[in-house]
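Please keep the sequence and the structure in view while reading.

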Amino acid sequence: MKNIESKLIESRQYKPDIEFSKKSNLNPSLLKKLNSLYKNNPDEFWSSLAKKEIQWIKGFKSICTGDAPFYEWFKEGKLNISENCLDRHINKNKKAIIHIAENNQKKIISYDELYILVNNFSYALKQIGLKKGDRVVIYMPTIPESIIAMQSCARLGLIHSVVFAGFSSESLKNRINDCGAKVVITVDSFMRNGKIINSKAIVDEALINTSCPSINKCLIYKNLGTEINLNDRDLWWHEILPSKRKIVKPEAMSSEDLLFILYTSGSTGKPKGIIHSTAGYLLNCIITNKWVFDLKDNDIFWCTADIGWITGHSYVVYGPLATGATILIYDGAPTFPKPDRFWDIIEKNKVTIFYTAPTAIRTLMKLGEDLPEKYDLSSLRLLGTVGEPINPKAWIWYQLKIGNNRCPIVDTWWQTETGANMIAPIPGITHTTPGTCTQPLPGIEIGIVDEDGNDINEVNQGGNLVIKKPWPSMLRGIWGDKKRYLDTYWKKYNNNFYITGDTARKDAYGNIWIMGRSDDVVNISGHRLGTMEIESAIVSHEYVAEAAVVSYKHEIKGEAIHAFVTLKNNFINYNSVEFSGELKAWVKKKIGSIAKPERISFSDSLPKTRSGKIMRRLLRNIARGEDVTGDTSTLENESILDQLKNIL
Ligand code: WT7
């Protein structure tokens, strides 16, 4: 099997800002020490970090044990994550959460207040009979109460599964049933894009008749105060709280006890319930918040991810609070009431660290390239991205318009399964180039291998991205499906490496470039190409906002490229036949004729998951004239499929 060829080389390099690393958590000499400690004594590396960063109830006796791929970390240790996030930061007069609602209402909660709120709610959860190991589904928007719910579960040793509040009742029902949750926690309703979303009504639909037999209670936080139906199983959040303040002793959890289940869509089949442990998960969350985000306790960290995604777990709820920082959460649409909402919030709240996704950056660019100029964004000192490869055009805009050429950008590669950042620059130290997530973090051993598992050593030759050694925050499996865990992540390379499902190449500087998902690789005249580079070339045209590339059968080439493109608002009336020709010539110039799309279709948007990932699988079905098959429950904009089918 041939390697994946790379055709698009980006060479703009940004030197690290030395001033930044003078004040940062990791400076070059510390980083060197960490890397050499890992090289010489990996056990000592992990054990010293675990002792330093985590507050233990009882010390651990081993580092990494167990047979591949069922690794266990820090056995015999006891700890509680809520204690690590809250108890150690009280009595310091510190803000924990700044919450901004879509209607602009602002609420500030200190660590002392959060501690009380979590203790009281933990008491209530205990009163309704929940016990260690029980599953609780949290179906709420990103408001302080969802954080309180998650932290309370952690305090009692309940396993939470947060289901993104934009999911349908069908998706919610499937997740509740898969994990056998006893309780679901929700809100009456919340606002998105100026409209009311009735979460409680959606929960009622999911629970109708006996469709979720494991559920015995539904708790409702009164958020907007809209009318709801109350059933026998329903309890108001405010009515179950204790009348007097209660302190709930944090449950002493074993290192390997499960903290949460988080469903991730996967490209085919039903969502996978990824399970994460307690100690290992917490450790990678803390160190990456400190190393990659340079998080300190005087920072105001705004990670725009919804708490329903892993980024919301690791970089909103657990990592930053365990670090004692102040987090900002915004419960609203980025474009409401106008596409300058993010910039306005950063200015008003003096956000210092901002972490978002390339899809959000591209959307905000498309709707208002110059809008950030109206705002004072000088409080920012660090920017981050996650979720997909960032195309250089978006990176440069982010760097210039948001960071004012002043802020390091950390392009962080990781997955729901990895729990925390795996490949990312260290700000102030790593040279960056738009489009690469750069290098693995200390303690993380990344490989790029061919189909037989051999290392690909040639520069810029693409292969499968794997992680060669276990790490503390690695997934512990798929809830209730051991076989799928082994088949998906381990089998191909005989349990030797963790298989990420991504393809990647390494450049001459040792920087890693993600080329796309392995399932998406296209094969043109015998050349295997990742989708990322072709898409990036298309998006670099000034009229283009977004692009997705898939292949279909072609008599001569074997496979040919079909590009799905959306244009920026001011170019949507462009003559599409003429522009198709221009765009094909553009790709030919940028990459070469091999990558020239055979067909281009233009549409208003692209099919995406609710977390903003383009669903190429559906586009492949359309380009190949097949029925759209597989799971579409995670699709955000279903109507786009009809539009795309009609264009062809
Ligand atoms: C997949 C994981 C991890 C939090 C959000 C997404 C892609 C993620 C990057 C990046 C290129 C990236 C990969 C990965 N991805 N970050 N910085 N550069 N690709 O979590 O939904 O589990 O998705 O997102 O394809 O495998 P997720």
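## Surface and overall form

The protein chain exposes about 25400 Å², of which carbon and sulfur atoms supply 48%; such accessible areas come from the Shrake-Rupley method with a 1.4 Å probe, and for residues only the protein chains shown count as cover. The model is predicted, so local features need pLDDT of at least 70 and side-chain atom pairs count only at pLDDT 80 or more, whereas totals for chains, interfaces and linings use all residues. Residues are numbered from 1 along each chain as its sequence is written, and side-chain values use heavy atoms, with hydrogens and water left out.

Along its principal axes, the C-alpha trace of the protein chain spans about 75 × 60 × 50 Å. The radius of gyration, taken over C-alpha atoms, can be set against a globule rule of 2.2 Å times the number of residues to the power 0.38. For 648 residues, a compact globule would have a value near 26 Å, and the 24 Å of the protein chain agrees with this.

Of the 648 residues in the protein chain, 61% are buried. Here buried means under 20% relative accessible area, exposed means over 50%, and partly exposed lies in between (1.4 Å probe, protein chains only). A contact is defined as heavy atoms within 4.5 Å. Among the contacts in the protein chain with a separation of 6 or more, 71% are between residues 24 or more positions apart.

The protein chain has 19 helices and 31 strands. These are DSSP runs numbered from the N terminus: helices (H or I) have at least four residues and strands (E) at least two.

Helix H14 (residues 392–402) is mostly covered, with eight of its eleven residues buried. The buried residues of H14 are Pro392, Ala394, Trp395, Ile396, Trp397, Tyr398, Gln399 and Ile402. Their cover includes helix H12 (341–349), helix H13 (358–368) and strand S19 (353–356). H14 is followed by Asn404, whose phi is positive, near 50°.

Strand S15 (residues 258–264) contains Thr264, which counts as buried at 16% relative accessibility. Leaving aside neighbours within four places in sequence, Thr264 is in contact with Pro271, Lys272, Ile274, Thr416 and Glu417.

## Nonpolar cores

A nonpolar core is a set of buried Ala, Val, Leu, Ile, Met, Phe, Trp, Tyr and Cys residues joined through side-chain atoms within 4.5 Å. The largest one has 116 residues, and Trp46, Phe74, Phe121 and Ile185 have the most contacts inside it. Helix H10 (residues 279–291) provides the largest share of this core, eight residues. Apart from this core lies another, of 29 residues, which includes Leu328, Tyr330, Phe342 and Leu364.

Not counting residues up to four places away in sequence, Phe74 touches a set of residues that includes Trp46, Trp56, Phe60, Leu283 and Pro472.

## Salt bridges

How many salt bridges does the structure hold? There are 38 salt bridges, each being a side-chain nitrogen of Lys or Arg within 4 Å of a carboxyl oxygen of Asp or Glu. Three of them are listed below.

| Pair | Closest N and O atoms |
|---|---|
| Asp234 and Arg233 | 3.7 Å |
| Asp455 and Lys468 | 2.7 Å |
| Arg616 and Glu535 | 2.8 Å |

Arg616 in helix H18 (residues 616–623) and Glu535 in helix H16 (residues 531–539) are 81 residues apart, and the pair links distant parts of the chain. Both Arg616 and Glu535 are buried.

Asp455 lies in the loop between strand S22 (446–449) and strand S23 (463–467), and Lys468 in the loop between S23 and strand S24 (477–478), so the pair ties together parts that are 13 residues apart in sequence. Asp455 is partly exposed at 41% relative accessible area, and Lys468 is partly exposed at 23%.

Asp234 is buried, with a relative accessible area of 8%, while Arg233 is partly exposed at 22%. Both belong to a network of salt bridges that links Lys200, Asp204, Arg233 and Asp234.

## Cysteines

The structure holds zero disulfides, a disulfide being a pair of cysteine sulfur atoms within 2.5 Å. For Cys212, the nearest cysteine sulfur, that of Cys179, is 9.6 Å away. Cys212 counts as buried at 6% relative accessibility.
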